[in-house]
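Please examine the structure displayed here. The briefing below is arranged by topic.

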Amino acid sequence: MKDRKLLMIPGPIEFTPAVMRAMGMPTASHVAPNFIEVFGQALERLRQVFLCPAGQPFVVAGSGTLAMEMAAANLIEPGDRALVVNTGVFGDRFGVILERFGAEVTQVCAPAIGDAPAIEEVEAVLQSGDFKLMTITHVDTSTAVAADVKSLAALGQQYGVLVVVDGVCAVAGEEMRQEKWGIDLAITASQKAIGVPPGLALIVAGPRAMETYRQRDRPAGSFYADWEQWLPIMEAYEARRPSYFGTPPVNLVWALNVSLAQILAEGIGARFARHQRVSRAVKSAVAALGLEEVPVSPERGAVTLTAPYYPDGVDSALLGHIGSAGVILAGGLHPAIKDRYFRIGHMGAVNESDVMATVGAIETGLILAGCEIEPGTGLAAAQAALAKPA
Ligand code: PMP
């Protein structure tokens, strides 16, 4: 019997065998020529995956929160104004981080949980003040709401603010075209759609973000997050030269390079399309099972995860039942509705059989929880969605 269950949470996700092999390799010296080559390639590939040919990549040991902190530490100086387009918990978090570095933060919040602020409202706030920077959470993992990054970034450019995208639950899963859309800085973390175990903070900073950093009057208020330390390191690895500031997580960088190569081999457009297909199938199944989603409308919903409310009379015990049927899902995260919904992550290497296994386990779980559903209802809907031509 397999001693493992299918992990379908919004990160960490399941990783490919090639990525896991890289994690298990004997650890090389961080200045070994073969590791320098791998790190250099990973930086080049990161630019391609973020679709930002002129960007400066940063790969640093840490989680997604460090990537958020690096953005704030290097772009904000005390007294700068920042606007946070807030669609959930991770917008709240960005606000707190920006304030920690001295920003005056204005939050433009969604009118309700599961919704996003109207673009006109964001524009009105941008008009009203002299903002240096605006943050957008591409997919807020607490609500499964996807922001309209393309339109918001265009607005940011129009008003001359730096556009910072928290793509932690999005990059390499949701469509994002950093340079074309005018995104000045995008971040992610390794454990999500980019497909590498937790431990890497990943950033691509465009020319305007780098220029803003260069024009700083004072050093960043964090030693570890300061690009002063990291820029020479990234430049050295890309030039295939040894260098050192803080020991890089060698195996994670190796695994990142493997995963980025897999992403580029699939083709970024094909990868976005696969994620959309998988997401449609999961959402069709959820609807067929009569479950409501947290996002208030399909247009607001993310591609990388689905967040259904529990049906009446069911609570988080459902997740135990689904687990006993072989699939691990995540509970709620947004404090206001935490106990009322659950989350299904479907990003990275996810495939059609993962969808069918997950939907099957949800059905079994619902039946074990006492719901009267016809077995196969969700599976039929998922299968029908998957069978539709793209
Ligand atoms: N932003 C978003 C949208 C996230 O989903 C997460 C993690 N769930 C983070 C930031 C923080 O990342 P980490 O947990 O890796 O620090």
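The model is predicted, so local features require pLDDT of at least 70 and side-chain atom pairs pLDDT 80 or more, whereas totals for chains, interfaces and linings use all residues. Residues are numbered from 1 along each chain as its sequence is written, and side-chain values use heavy atoms, without hydrogens and water.

**Aromatic pairs**

- A search of the whole structure gives 11 aromatic pairs; rings of Phe, Tyr and Trp (its six-membered ring) pair if their centres lie within 6.5 Å, and planes under 30 degrees apart count as stacked, over 60 as edge-to-face and the rest as tilted.
- One of the pairs is Phe39 with Tyr237, which is stacked, with 4.2 Å between centres and 25 degrees between planes.
- Phe39 belongs to helix H2 (residues 33–49) and Tyr237 to helix H9 (residues 227–238), so this pair ties together parts 198 residues apart in sequence; helices (H or I, at least four residues) and strands (E, at least two) are DSSP runs, numbered from the N terminus.
- Both Phe39 and Tyr237 are buried, meaning under 20% relative accessible area with a 1.4 Å probe and protein chains only.
- Phe58 and Trp227 are also stacked, because their ring centres are 4.7 Å apart and their planes are at 10 degrees.
- This pair links distant parts of the chain, with Phe58 in strand E2 (residues 56–61) and Trp227 in helix H9, 169 residues apart.
- Phe58 and Trp227 are both buried.
- Phe35, Phe39, Tyr237 and Trp254 are joined into a cluster by ring pairs.

**Ligand site**

- The ligand has 14 residues around it, of which Ser63, Gly64, Thr65, Thr141 and Asp166 come nearest; a residue counts if one of its heavy atoms lies within 4 Å.
- A polar backbone atom of Gly64 is 2.7 Å from an oxygen atom of the ligand.
- A polar side-chain atom of Thr65 is 2.5 Å from a ligand oxygen atom.
- For Thr141, an N or O atom in the side chain is 2.3 Å from an oxygen atom of the ligand.
- On its own the ligand has 390 Å² of accessible area, and the protein covers 87% of this (Shrake-Rupley method, 1.4 Å probe).

**Open sheet**

- An open sheet is formed by 3 strands in the order E11-E14-E13, with antiparallel pairing; two strands pair if DSSP finds at least two bridges between them.
- Strands E11 (305–306) and E13 (330–331) are at the edges with a single partner strand each, so one side of each has no neighbour in the sheet.
- E11 is joined to strand E14 (residues 342–345) by 2 bridges, and Thr306 stands opposite Ile344 in E14.

Definitions and conventions
Buried < 20%, exposed > 50% of the residue type's maximum accessible area, 1.4 Å probe, protein only. Polar contact = N/O pair within 3.5 Å; in protein donor to acceptor, adjacent residues only side chain to side chain.
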